[in-house]
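I opened a notebook for this structure and wrote down what I looked up, entry by entry.

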Amino acid sequence: MAGIVVVFDFDKTIIDCDSDNWVVDELGFTDLFNQLLSTMPWNTLMDKIMEEIHSKGNTIGDIAEVLNCVPIHPRIVPALRTAHALGCELRIVSDANLFFIETILRHLRIEECFSEINTNPGYVDGKGRLRISPYHDFHRAPHGCPLCPPNMCKGAVISRIQGQISNKKLIYLGDGSGDYCPSLKLGHGDYVMPRKGFPVWDLICKNPLLVKAEIHEWTDGEGLERTLLRLIDGIMSEEDNSDGSLVSAADCKFQTISMAANEAFPPVLPVPQ
Ligand SMILES: [Mg+2]
Ligand SMILES: [Zn+2]
């Protein structure tokens, strides 16, 4: 077992769209969604829209069918499978909901790669309506983080994970502004992989010194696979070397990879095409 925990955002990181928007758009509720967006928190709105979707005669099967068609880059599933096969522990931290995520992971046949999914609860009630509730009960126990939406502070999830894993290394991947808080929680020796050109990347670029983890950007599924497997390979060879006390030249080079330069390094692991 590698001493590596890889934590993934879900929307626009594992899949290549926002699953909430995808379901709303595909089932024809975009106008209603946009009308109501300014009147309530996103998470509350998704629960409300699910009520509308149900009342217009759409079944849970209809929602699942739409979820099974979400766009995903062809290298993502192989990347996840390889990371899992190398002994990394994979977890998800997402502001989507459990029903959407489990449905998609099951369809992709990668459910078993993940040991933990941290997200907004989602369940089908007795009437066949999908109910979505907040991860944090923000009325009874607000998380108090000014960076995050009231329903979920991903940084709080990362802090809990850090308490569980002692000296394992964390790699965090995400795209959205909600992925900034957890990026700030990572420590020296951890790695953050922000998606280039997306909100978390913009936020990190404003002041990279606030981030203690090494920063390695990626653009698409191919870049995600290449960068993630290179980082895992680097950490695992460091682990091997730490049995002897010598630090190899490769480790020193590895430590100096900058955000801008990281794409220039070739992948260390063979990537099956
Ligand atoms: Mg995302
Ligand atoms: Zn937060």
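**Entry 1: a helix pair**

I looked up helix 5 (residues 76-85) and helix 10, whose axes come within 9 Å and cross at roughly 15 degrees. Helices here are DSSP runs of H or I with at least four residues, strands are runs of E with at least two, and both are numbered from the N terminus. The axes are lines fitted to C-alpha atoms, for helices over the stretch in contact, and angles run from 0 to 180 degrees between N-to-C directions. Helix 5 and helix 10 are therefore roughly parallel to each other; angles under 35 degrees count as roughly parallel, over 145 as roughly antiparallel, 65 to 115 as roughly perpendicular and the rest as oblique. On the helix 5 side, I noted Ile76, Pro78, Ala79, Thr82 and Ala83 in the contact, and on the helix 10 side Gly221, Leu224, Glu225, Leu228, Leu229 and Ile232. Two residues are in contact if their C-beta atoms, placed from the backbone, lie within 7 Å.

**Entry 2: what kind of model this is**

I noted that the model is predicted, that local features need pLDDT of at least 70 and side-chain atom pairs pLDDT 80 or more, and that totals for chains, interfaces and linings use all residues. Residues are numbered from 1 along each chain as its sequence is written, while chains are lettered from A and ligands numbered from 1 in the order in which they are written.

**Entry 3: the whole protein**

I found eleven helices and eight strands. Of the 273 residues, 40% are buried. Buried means 20 or more other C-beta atoms within 10 Å of the residue's own, exposed means 12 or fewer, and partly exposed is in between, with C-beta atoms placed from the backbone.

**Entry 4: the core**

Which residues have the most contacts inside the largest nonpolar core? They are Val6, Val7, Ile171, Tyr172, Met193, Leu228 and Ile232, in a core of 65 residues. Helix 10 (residues 221-241) gives the most to this core, with six residues. A nonpolar core is a set of buried Ala, Val, Leu, Ile, Met, Phe, Trp, Tyr and Cys residues joined through C-beta atoms within 7 Å. I also listed contacts of Val7, among them Val93, Ile158 and Tyr172.

**Entry 5: annotated residues**

Asp175 lies in the loop between strand 6 (169-174) and helix 8 (180-185).

Why does Asp9 count as buried? Asp9 does so because it has 25 C-beta neighbours inside 10 Å. Asp11 is buried with 23, and Asp175 with 22. Beyond four places in sequence, Asp9 touches residues including Ser94 and Asp175, and contacts of Asp11 include Ser94 and Ala96.
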